[in-house]
Every structure is written in structure tokens, then in C-alpha cells.
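I want to see what packs against what.

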Amino acid sequence: EEKTNKDGTAYATIDVSYPEFKNVSSIFNKKIEDLVMKEVDSHKEISEENWVARYETKLPGDTISEFPTKEEKYQLSVSWEGVQANDKFISIIIIFNGYTGGAHGYDNIISFNYDVLNKKEITLSSLFSSDSTYLKTISEFSRKDLEKQFRKRLDIKTKDDEVNFKDSVVPMMLGGTMPEEVNFSIFTFVPDAVTFYFAQYQVAPYAMGGSSVTMPRS
């Protein structure tokens, strides 16, 4: 079942949808709902603070009104995608797109993975329980895959392109794919593959957009 929320404020517009599953623990559904609503409440609070600050510090000649027009309101959109949802496993991502002022908006992704039969969440370590060096395996695969993606995306051809790539992108990519659990905590899975999602600025500059890697499960 899909739950929605469009309860905006004088400063913010809200367009939210998220799932509620049958045959799972109430704790799991509540965890999803609490995370989404926490983001909604935060967006409303920050939107009001930022608009009020703009209004109170406006300069002579500025046309900022006490309250934003409908088009000026700070927007938050929350959606979700189900990679799989069946009688055995649930694997989904929640996608947050928001803007509260500044040069650009923000995008966040959170994943939820659940074992329906055993009524428990699936962690990365439990997914790779037979591989004690799984973080090293994931790190090495991700680095190779991301470098290939980035080289194609940036169309690297010249020596200057190569220098810029090694100076501005490679350090972020290496840092964001260190073999640590936190770097690969956002993931979804199907029987034959796992997809890892990387947060903004984790593995590349903002201008390069979001990044993900799909690794086969052997």
C-alpha cells in the first residue's frame, strides 16, 4: 500500500509517497514512515527559517515578500522504487529531492532491505555472511566500475582531461569507496546482483550527478 502526504506550509510544498508493506513487522513499516516524516518536518522547519531570514535581512529595493508565492515555496519530493517486493524479500529505495535555498537542491537516497520469512531487516554483513572480506571485494569492484563510468561520462581524451580527472575526481572516488561499511550502507539486491548507491559528494563532485554500481552476486 502506498501512503501519501501533501501537507505543505506557508513556506514549503510537500509531495510525498512511501510504501507500507503487509506481512512485515510493524517496526519495519514504522521505521520507513518515521524516516520519511522526519525529513518532511525538517524540510518545513528549514524552509521557514531560511525564508524568514531572507525577508528580515532584505536590502532596500528587494522585492521579497513576507511569505513566498506558490512558485517560490521551497519544495520537497519523496518517492520510492521497489527493486523487489515479494513473499520472500523486500528491497527498496526512498528518494528525497528538495530545495531550501542556495545554489542548488539536494538529493538523498535511503534503502530498506527485509527478510519477509524471518521477519528481520537485511544488513550488508548478513547479505555477504559467507565472505569475511566482502568490504574489500565491494570496494575494489566499485572503484573499477566507477572509474570506467566516470571516464565515459567525462569523455576523457587529452592529457589535460586526465590530469583534471586524477586531481579532482579520483581522490573523492577513492575516499568514498574505502572498504568501510558506511560507504556501502545504501544498497538494494536481487538474486543475482547487488546495487550500491553513493550519496552526493561521496565519490564525485556535485556536477557529475548521482552514482551507483551494480555488482554480480557469485
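Pairing first: I call two strands paired if DSSP finds at least two bridges between them. Helices (H or I, at least four residues) and strands (E, at least two) are DSSP runs, numbered from the N terminus. By that reading, Phe96 stands opposite Asn108 in S5.

Housekeeping: this is a predicted model, where local features need pLDDT of at least 70 and side-chain atom pairs count only at pLDDT 80 or more, while totals for chains, interfaces and linings use all residues. Residues are numbered from 1 along each chain as its sequence is written, and side-chain values use heavy atoms, with hydrogens and water left out.

Next I followed strand S4 (residues 89–98). I found 10 bridges between S4 and strand S5 (residues 106–115), antiparallel. On S3 (residues 74–85) I got 9 bridges to S4, also antiparallel, and a hairpin of 3 residues joins S3 to S4. Val78 has Phe96 in S4 as its bridge partner.

How enclosed is S4? I see 8 of its 10 residues buried, so S4 is largely enclosed by the rest of the structure. Buried here means under 20% relative accessible area, exposed over 50%, partly exposed in between (1.4 Å probe, protein chains only).

Then I looked up Val36, in helix H1 (residues 26–56). Val36 counts as buried because its relative accessibility is 0%. Leaving out residues up to four places away in sequence, Val36 touches Val16, Tyr18, Val78, Ile94 and Phe96 (contact: heavy atoms within 4.5 Å). Val16 sits 20 residues from Val36 along the chain, with 8.3 Å between their C-alpha atoms.
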